[in-house]
Amino acid sequence: MRQTDQKLMEIDPSGTARGYYGCAVGKGKQNAKTEIEKLDLSHMTCRELVKEVAKVIYSVHDEVKDKHFELELSWIGKETMGTHQLVPQEIYNEAKTYAEEALNDSDDDDTDM
């Protein structure tokens with residue numbers, strides 16, 4: 001692996017490490033993983049991925065069972081020169097709006113039935 005190659009790794013409590021294009025941890029991780037697997041991650045830009053990840057987070061959050069949450073988004077890639085950073089506010093706002101609109105559209109579809 002070259003010095004400039006990046007990989008997403010998940011290390012579980014037993015110490016097992018796995019590489020992924022996308023993964024989820026924490027509450028709702030199975031539902032999130034299912035949604036992530038539907039995405040064509042290898043052909044998306046980081047900006048597109050941020051929007052889709054925000055959408056996944058909103059879609060798996062159960063407003064009845066789960067506490068209110070604050071969306072936090074960070075990334076590593078060419079845009080950050082390989083360092084971990086919070087996404088810029090403009091991209092954050094775009095992703096949050098995209099996710100909330102998708103959730104509202106989904107809710108509208110449910111009430112139409």
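1. Helix H2 (46-60) has 15 residues. From its first C-alpha to its last, H2 reaches 21 Å, close to the 21 Å expected at 1.5 Å a residue. The expected span is 1.5 Å times one less than the number of residues in the helix. Helices here are DSSP runs of H or I with at least four residues, strands are runs of E with at least two, and both are numbered from the N terminus.

2. A word on the basis of this note. The model is predicted, so local features need pLDDT of at least 70 and side-chain atom pairs count only at pLDDT 80 or more, while totals for chains, interfaces and linings use all residues. Residues are numbered from 1 along each chain as its sequence is written, and side-chain values use heavy atoms, with hydrogens and water left out.

3. Which residues of H2 are buried? They are Val50, Glu52, Ala54, Val56 and Tyr58. Buried means under 20% relative accessible area, exposed means over 50%, and partly exposed lies in between (1.4 Å probe, protein chains only). Of the 113 residues of the protein, 19% count as buried.

4. Now the overall order. The protein has three helices and four strands. Read from the N terminus on, the elements run β-β-α-α-β-β-α.

5. The largest pocket holds about 1,900 Å³ of space. It is lined by 49 residues, and the closest to its centre are Leu8, Tyr21, Gly22, Val53 and Ser74. Four elements are listed as giving two or more residues to this lining: strand E1 (8-11), helix H1 (29-37), helix H2 (46-60) and strand E3 (74-75). H2 gives the most, with eight residues.

6. How is such a pocket found? Rolling a probe the size of a water molecule over the atoms shows where empty space is left. On a 1 Å grid over the protein atoms alone, a pocket is an open set of points with protein on both sides within 12 Å along at least five of seven lines, for a 1.4 Å probe; lining residues have an atom within 4 Å of a point. The volume is the space filled by probe spheres set on the points, which are joined across faces, edges and corners.

7. What is the lining made of, by class? The largest pocket has 25 nonpolar, 13 polar and eleven charged residues in its lining. Ala, Val, Leu, Ile, Met, Phe, Trp, Tyr, Cys and Pro count as nonpolar; Asp, Glu, Lys and Arg count as charged; the others, Gly among them, count as polar.

8. Lysine 51 lies over the face of tyrosine 98, at 4.7 Å from the ring centre. The test asks for NZ of Lys or CZ of Arg within 6 Å of the ring centre and within 35 degrees of the ring normal.

9. Look next at methionine 81. It sits in the loop between E3 and strand E4 (85-86). Its phi is positive, about 55°, although methionine 81 is not a glycine. Most residues other than glycine have a negative phi. Methionine 81 is exposed, with a relative accessible area of 76%.

10. Histidine 84 is in the loop between E3 and E4. Histidine 84 is exposed, at 55% relative accessible area. Its C-alpha is 6.9 Å from that of serine 74, ten residues away along the chain.

11. Is leucine 41 buried or exposed? Leucine 41 is buried, with a relative accessible area of 17%. Its place is the loop between H1 and H2. Leucine 41 and tyrosine 21 are 20 residues apart in sequence and 6.6 Å apart in space, C-alpha to C-alpha.

12. Threonine 97 lies in helix H3 (residues 89-111). Threonine 97 is partly exposed, with a relative accessible area of 39%.
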